[in-house]
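User: I'd like to understand how the labels on this structure were reached. Could you take me through them?

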Amino acid sequence: MKKSILIVEDIHSIREAIMDLLSTKFNVFGAEHFEEAVWYLTNEKIDLTITDIRLPGKSGIDLVKLIQKEFPHVLYALMTAYNINEYIKYAKDLQIWNIIPKYSFLDIHLIEVMVEKLLSNDIFGIEKYFSKDFQVYDQNINSEFEDAPKNGIVYKQIKSDQDRSILCGKISKNLIQLGAPKAIQQVLEELTSNAMIRAPRTNEGEYKYQFEIPSHDMVVPLDNIQLMPDDYFLIGYGSTESTIFIVVRDQFGSLRKEEILHRLDRHISIDESTGFPKGLEDSHGRGLYICREISDQLIFNIKPGVCTETIAMINREGRTGFKSLSIYEVDSKD
């Protein structure tokens, strides 16, 4: 049976475009404002609601609050033409994991992929964001570095800090030659260090390769880390005609979606007493924020206790809009 989606958007052309895109696979309903959306939620079996934040009268955030209270079985996501950073605090407080920009490079297709991931719980794999001829090269993960494919991704396994340093250097040089900004090196460093140092945990939940100083919100990594086989992780890199990307995938799934929003909010929100971000002195979280600022899209796919996959995408032609908030989590039993 087809799933049903409700699109709440007051601009007719945008609402119709999204509905047309999704109607081949789903039953799609359209509403222009809050009251009409409530009517559909009450009278139709809706599986997912995608609503613009700014609507005539009550807002999309008001609608999410109603859904959480009155229709808890309905999934939800937001979209906006404005800066998504302005809504991170709402996302944190209301547990909103996906906000899509209406005017950016992946616009409509990003909505299509989001819907598929939310309704299927099949969340892993960068190939979902590209055409069917996109190639995944993961057969030779232990071989030497190779150049990024032109329409695909190649994966390599990292076993130590030395592996990580050498491979990140070669990947960043290759991707910069393809048009990535020099700051891609920092994205590589942050995402791989998270997978190597923060992700691995013992059965008791303690870090394996760093020690924690809770009183100072600090963690200190060990030197010259050599990972145990169960702690090895993958780094993927590649390109298409429009996009350059990095994928880092660990075997732990220890990153919490709540932590992502907490850290983003800390670095976006301003402390009125100082005029600086609240998280300025935090020992961690800054890297996640920086990666999101450098990337055009930063996507988190999480299966708790099993895997975290982080995808950073950069548009070759430069940004044309705001960044999405894209956090997906599936139950470990799925």
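This is a predicted model: local features need pLDDT of at least 70, side-chain atom pairs count only at pLDDT 80 or more; totals for chains, interfaces and linings use all residues.

User: Which residues is I246 in contact with, leaving aside its neighbours within four places in sequence?

Analyst: Residues are numbered from 1 along each chain as its sequence is written, and side-chain values use heavy atoms, with hydrogens and water left out. Contact means heavy atoms within 4.5 Å. By that rule I246 is in contact with L175, I184, V187, L188, I235, G236, T310, I311 and A312.

User: What makes C168 "buried"?

Analyst: Buried means under 20% relative accessible area, exposed over 50%, and partly exposed in between, with a 1.4 Å probe and protein chains only. C168 has a relative accessible area of 0%, so it is buried. C307 counts as buried too, at 10% relative accessibility.

User: How do you know that C168 is in no disulfide?

Analyst: A disulfide is a pair of cysteine sulfur atoms within 2.5 Å. For C168, the nearest cysteine sulfur is that of C291, 11 Å away. For C307, the nearest is again that of C291, 17 Å away. A search of the whole structure finds 0 disulfides.

User: Which residues touch the most other members of the largest nonpolar core?

Analyst: They are I99, L175, I235, I246 and L325, in a core of 49 residues. A nonpolar core is a set of buried Ala, Val, Leu, Ile, Met, Phe, Trp, Tyr and Cys residues joined through side-chain atoms within 4.5 Å. Helix α7 (residues 184–198) gives the most to this core, with 7 residues; helices (H or I, at least four residues) and strands (E, at least two) are DSSP runs, numbered from the N terminus.

User: Why is this core said to lie between domain 1 and domain 2?

Analyst: Domain 1 (4–119) and domain 2 (127–329) both give residues to the core, so it lies between them. The domain bounds come from an automatic or database domain assignment.

User: What makes β1 and β2 a pair?

Analyst: Two strands pair if DSSP finds at least two bridges between them. Here 5 bridges join β1 (residues 4–8) to β2, and the strands run parallel. V8 stands opposite A31 in β2.
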